Amino acid sequence: MKKITLLASILFMGFASVQAQDEEPLTNLALNKTATASSQYRDNLGASYAFDGDASKGSRWSAANHTDTNPTGENSWLQVDLGESLEFNKIIITEFSNKVKIYRIEATDNVEDELSWEPIVEETEQTFEGVANNPSRWPDITFPTVTKRYVRLWIVKSITAAGVLDEPS
């Protein structure tokens, strides 16, 4: 059985690579697939950049900036349409800004039905300490194999700095 890995080059987490894993090198299942997000910081940091295969600082998704009076970055999400239901059991995330504190990952075959999203990784505190403002790969996130078409990363909580919740990136 071919195992599939969702690579999230979420450089915002540039969330995003879905990959097939076998004895051979991984294949990025999310590469250049359709992505959507709840928000974006700027036009050049939109959801499609999370899955474009470019791991540079200038090519990533970044959630909208948020403050205590405008909390738009927390509870932000990024999702990818794999084009068809695929098996996967691993997600690899590269985060640029090292600001995600708590996240969860969900999947579904019916993106139109909010109630159909199933958790594949429950709310988890991110304890990996990457380098701020430098693409930092998280430890691989593994879970029992699922077969789904859509995969969504939720940013439940991000780290604050000087009273401002910066946009996760």
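Author: A charge sits over a ring if NZ of Lys or CZ of Arg is within 6 Å of the ring centre and within 35 degrees of the ring normal. The model discussed here is predicted.

Reader: Over which ring does the charged end of Arg-152 sit at 3.8 Å from the centre?

Author: That ring belongs to Trp-117. The charged end of Arg-152 also sits over the ring of Trp-77, at 5.6 Å from the centre of that ring.

Reader: How is a pair of aromatic rings described?

Author: The description uses the distance of the centres and the angle of the planes. The present structure holds 1 aromatic pair. In this pair, the ring centres of Phe-88 and Phe-143 are 5.9 Å apart and the planes stand at 90 degrees, so the arrangement is edge-to-face.

Reader: Where in the chain do Phe-88 and Phe-143 lie?

Author: Phe-88 is in strand E5 and Phe-143 in strand E9, so the pair links distant parts of the chain, 55 residues apart. Let us turn to their surroundings.

Reader: Are Phe-88 and Phe-143 buried or exposed?

Author: Both Phe-88 and Phe-143 are buried. They are also among the residues with the most contacts inside the largest nonpolar core, a list that includes Ile-91, Tyr-103 and Ile-141.

Reader: How many residues does the largest nonpolar core have, and which elements give two or more residues to this core?

Author: The largest nonpolar core has 28 residues. Two or more of them come from each of strand E5 (76–95), strand E6 (100–108), strand E7 (118–125) and strand E9 (141–158). E5 gives the most to this core, namely 7 residues.

Reader: How many bridges pair E5 with E9, and in which sense?

Author: E5 and E9 pair over 11 bridges in the antiparallel sense.

Reader: How many bridges join E5 to strand E4 and to strand E8?

Author: Strand E4 (residues 34–37) runs antiparallel to E5 and is joined to it by 4 bridges. Thr-34 has Asp-81 of E5 as its bridge partner. Strand E8 (residues 136–137) is likewise antiparallel to E5, with 2 bridges joining them. Here Thr-94 has Arg-137 in E8 as its bridge partner.

How values were computed:
Residues numbered from 1 in each chain as written. Predicted model: local features only at pLDDT ≥ 70, side-chain atom pairs only at ≥ 80, totals over all residues. Heavy atoms only, no water. Core = buried A, V, L, I, M, F, W, Y, C linked by side-chain atoms within 4.5 Å. Buried < 20%, exposed > 50% of the residue type's maximum accessible area, 1.4 Å probe, protein only. Pairing = 2+ DSSP bridges. Phe/Tyr/Trp six-rings, centres within 6.5 Å; stacked < 30°, edge-to-face > 60°.
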